[in-house]
Amino acid sequence: MGEQNILKVNPLPTLTWNHLMLNFANMPLEAASSKKADIPSEFKDIETGMGREFVSFVESHASYVRIIRAGKGEDLGVIKDEKAGIASEIILIEAGEDSRVTFYTHASDSVQDGQITRLVKVIAGPRAQVTVIQSQTVGNGCLVGDDFGAVVGDEAKVRLIQSELGGKAAFAGGCAALKGYKADFTEETIYFGDESRRLDFSYVTRHTGKKTTTSILANGALFGNADKVYRGSMDFIHGCSKSKGREAENVLLFSPTARNRSIPLILCDEEDVDGQHAASIGKINKDLMYYLQSRGLTENQARQLAVESRFNPVIDEIPDEAVREEIHASLERRMNLD
Amino acid sequence: MAEERPEIQGVNQSIYDFRYETHASFETDAGLTPEIVEQISKEKNDPDWMREFRLKSLEIYQKTAVPNWGPPLDGLNMDQIITYVRPNTTMRGKWSEVPDDIKNTFERLGIPDAEQKSLAGVGAQYDSEVVYHNVKDEVARQGVVYTDMESALRGPYADLVKEKFMHLVPPTDHKFAALHGAVWSGGSFVYVPAGVHVDIPLQSYFRLNAAGAGQFEHTLIIVEPGAYLHFIEGCSAPKYNVANLHAGCVELYVGKGARLRYSTIENWSKNMYNLNTKRALVEDDGIMEWVSGSFGSHISYLYPMTILQGNDSHMDFTGITFAGKTQALDTGAKVVHNGRNTSSHISTKSISKDGGVCVYRSEVIIGKDAVGAKSSVNCDSLMLDSKSRSDTIPAMDVRNADSDVGHEAKIGRISDEAIFYLMSRGLSEEDARAMIVSGFAEPVAKELPLEYAVEMNNLIKLEMDGSTF
Amino acid sequence: MSEELLRVENLHADVEEKEILKGINLVVNKGETHVLMGPNGAGKSTLDNCIMGNPEYKVTEGKIFFKGEDITKQKADARARKGIFMSFQAPQEVPGVTMEDFLRVCKKNLTGENIRYFAFHKELAATMKALDMDDSYASRYLNVGFSGGEKKKAEIVQMLTLNPTFAMLDETDSGLDVDAVRVVSEGIRRFKTDENSLLIITHNTKILEDLKVDFVHVLYDGRIIKTGGPELVDYINTNGFAELIKEGE
């Protein structure tokens, strides 16, 4: 067993009342001895959602560093993380002009305990299209940290999907620096909390280019004693005229002992922007429950259907049939409360 | 629409930019020490418990750090704030008895005039002291008490005051609440007996006249079960080039089935640090309504808080904040749902212009036992130019599955299409913009008494250069 | 000789850096009613917007004269004050400003006279009644939550209230049911005198039935390819634009 470190992760881009405990999260990580990973300089200063402390922890513990480079016009298709499930990894993706790449990693419930820290950094050149999928259904003894940072160039499109469905605690974050003209970032998160899982998220979009666009969407369901924090921040920086951002979080609460905290931020010092966020937190729509039950579904089945209908659009993006099935099976098992 | 629209001289800053030389009878040293607090207490003839309360608050103040969030408070040096300035007068019940220089100030602000016309009672505070309090006979006959806090401490309601004073906002709440506990002075006490419906609003007017001074008035309002009150608060100060501090405290107790509407138009001058704390406790079936307009001050931290303690209690918050040049106005609301089937609605608008900074900050907490709670938040921010800034920082903490919490926020500018549409009807570009901004503020204006609404509109037009309509 | 009101000379205009109008020439005299027809994307609305002075539409060449004055570079409000009006296909919603307050401010602004509150209220209510529009709309926020049909009617209410000398109606009839088209058409007929002129963009000839149409122009690909009398409306109704386009090419 290594020494335990308490890291400040998922920092809010601006501070608010300390008593809310939302300004950052404390993440306990076990330090192991490992040599400092060699990170090419172009990837060094990319801001991530989980923040500096997490990045420097992963950089000094990573047992696996992979660099993926897509040349001009190249289409690398779907790249699967062959080391998925190891303790600590760093994936660096550089997508050249007009290139395409999809990277996906999934840690399954064969991982029962320990900790997994995964960091992906992306540099997307002009018109590049990059998709990153981080998914996990690990067992209830495992601690997860999924972090992401991207720099998005002219007319490039970067997409991040995070599916956090298991673990003792899962911390996840993403940050996109929209530097290019018409740079676009889409982020979708699904999360599932049950037993005493702790979930903690932070997403930040930094708009500096003109006509940049972002969409951040989270769907979650909380059961048991789950405790979740979600931070979603759009930062419109002076000069990012005609940029647009949309952010939404929908949370379904199923347990009187679950706790949900959400803080959607808009920071803005540019006049010519259009930003909107919305959050909806609460119990499942009664009319929907009634409708489904009138068709013969039990309350439990109706609940499952409601949750899966929100999760499926994201699960469907995972480019691996077996993993999709595993996720469905895992959700079904966990929601089967009858 | 608001049911009563009394006429009250309003909020146009230009009419506040006069000041009379006043001769203060007593000034403390600039810094803050136990000796000063003792001195204040002695001067005010405090009961013993209050003297101890002040000293304890001072201790807390000295141990508490300034907030690490929010707009910068660097310009505020407490060691240079003259915490206590008492005008050269004692409290009057007749306007004619108020000394001329102070009377002139309030007459220019239209206070006695408004009282005659349309208010149930008026209190006026000049710097640290209440200089005038009056309540109409018919209202007094209903058993309504409206008096200054110092009198309340010794009057027939002394025990009630002792029980409630800084009970909702304890000195440990934050540094400036502690400061308030130590040096508070003036303010109003209102008591509305059970079942009494006060048909016309009570108004309190705060005027800070001395340069570099602080105002720390305490407002305590108790609305007993089934009663109704509309309380209006206006604040202003002339311009000085040194910082002034306002750290008032408002505590509102809304009894079972009672309803309290608390309206504020704040137009402190732009050297003011407005660090005010307002809090309401609402019992079963009670209703708390806030209408809040923030136009003045250099820096504001203002988040009226409502604790929905009783079952089926309700809170409504309607606010507007307009930050112009040199202003950073951090405003919003807080609500804690504790009772079952409680509901809250927060609707805010903010406008940033000429380098002004608006921050909307809020927290909505749904407690464990607040089964059936509903909360909705709506905030719209308008950016009028690219020099300005607007942030939205809403927090939600839900600890109960049987609840429904919604939040929506929008930020943007006035669209070119909307301006063209209005210009195609003959309005100049400036008028078109001003009209759209007035329209944006209308949901707040319509909650205000007519004269306040008119003045608020004038204030907006004044801020919108070149508008003529 | 009739008195010239509007003259458009060799008008070229871009929208988002794409040339939409490619040399329009048009003269509208006092008292005349002109109809502008043409397939979607021909540039009809662009022409209206250029005449009204929408800054999103960039005039790259040519000139617009109104009552003999070159208004090509004038802002929309200056043109409105000279008597030009445009009814919008999709009018903007203006929250917080009631239709009545808005129109009163506009009227005062256009006429320079003080508007008497009560008289104006009565006049507006009468205008709305004539258009079969509930007068409660007057106290609603301008266009906010109005249905498509109500928005169109509200535009005509504005036209009748502000009484311009030259009004452009951009597909005022679309989205209206048969009864509403008749009511709006009647409103337009009431507006029309020998002293003012109309330029109507429409696909629906129902709205023209009560009106005396003087000229019909067919716009295609940024140019007027055919001008004729009212008989052209019937021709297009029967044959569509295809033949005319072929002829034009």
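A strand, in these legends, is a DSSP run of E that is at least two residues long, and strands are numbered from the N terminus. Keep in mind that the model shown here is predicted.

**View 1. Glu363(B) sits in a strand of chain B.** The strand that holds Glu363(B) is strand 22 of chain B, residues 357–366. Is Glu363(B) buried or exposed? A residue is called buried if 20 or more other C-beta atoms lie within 10 Å of its own. Glu363(B) has 23 C-beta neighbours inside 10 Å, so it counts as buried. Leaving aside neighbours within four places in sequence, its contacts include Trp17(A) and Leu20(A) from chain A, as well as Lys334(B), Ala395(B) and Asp397(B) from chain B. To find Ile419(B), go 56 residues along the chain from Glu363(B); the two C-alpha atoms are separated by 35 Å.

**View 2. Helix 8 of chain B is enclosed.** How many of the nine residues of helix 8 (residues 175–183) of chain B are buried? Nine of the nine are, so the helix is largely enclosed by the rest of the structure. Among them are Phe176(B), Leu179(B), His180(B) and Val183(B). What do these buried residues of helix 8 pack against? Their partners in chain B are helix 1 (34–43), helix 2 (48–63), strand 12 (249–254), strand 14 (272–275) and strand 15 (277–282).

**View 3. Chain A as a whole.** Look for five helices and 18 strands in chain A. The radius of gyration of chain A is 19 Å, close to the 20 Å that the globule rule gives for 338 residues, so chain A is as compact as a globular protein of that length. Its C-alpha trace spans about 55 × 50 × 45 Å along the principal axes, and 52% of its 338 residues count as buried.

**View 4. Helix 4 of chain A has a bend.** Helix 4 covers residues 299–315 of chain A, and at 1.5 Å a residue its 17 residues should span 24 Å; the end C-alpha atoms are 23 Å apart, which agrees. Where does helix 4 bend? The bend, about 35°, is at Ser309(A), and Pro313(A) follows within four residues. Buried residues of this helix include Ala302(A), Val307(A), Phe311(A) and Val314(A). The buried residues of helix 4 pack against several elements of chain A, including strand 10 (157–164), strand 12 (184–193) and helix 5 (321–335).

**View 5. Parallel strands in chain A.** Strands of a sheet pair through backbone hydrogen bonds, either parallel or antiparallel. Strand 14 and strand 16 of chain A run parallel and are joined by 10 bridges; here Ile216(A) has Glu247(A) of strand 16 as its bridge partner. Strand 16 also pairs with strand 18 (residues 273–282) of chain A, in the parallel sense over 10 bridges. There, Ala248(A) has Ala278(A) of strand 18 as its bridge partner.

**View 6. An open sheet in chain C.** Six strands of chain C form this sheet in the order 6-9-10-3-11-12, with mixed pairing. Strand 6 (84–87) and strand 12 (223–228) stand at the edges with a single partner strand each, so one side of each is left without a neighbour in the sheet. Neighbouring strands of the sheet are turned by 20° against each other on average, direction ignored. Strand 3 (residues 33–37) and strand 11 (residues 215–220) of chain C pair in the parallel sense over four bridges, and Met37(C) stands opposite Val218(C) in strand 11. Helix 1 (residues 44–52) of chain C packs on the sheet, and its direction makes about 150° with that of strand 9.

Technical notes: Residues numbered from 1 in each chain as written. Chains lettered and ligands numbered in written order. Predicted model: local features only at pLDDT ≥ 70, side-chain atom pairs only at ≥ 80, totals over all residues. Rg over C-alpha atoms; globule rule 2.2 N^0.38 Å. Buried ≥ 20, exposed ≤ 12 C-beta atoms within 10 Å, placed from the backbone. Expected span 1.5 Å × (residues − 1). Bend = angle between axes of the 7 residues up to and from the residue. Contact = placed C-beta atoms within 7 Å. Pairing = 2+ DSSP bridges. Axes fitted to C-alpha atoms, helices over the stretch in contact; angles between N-to-C directions.
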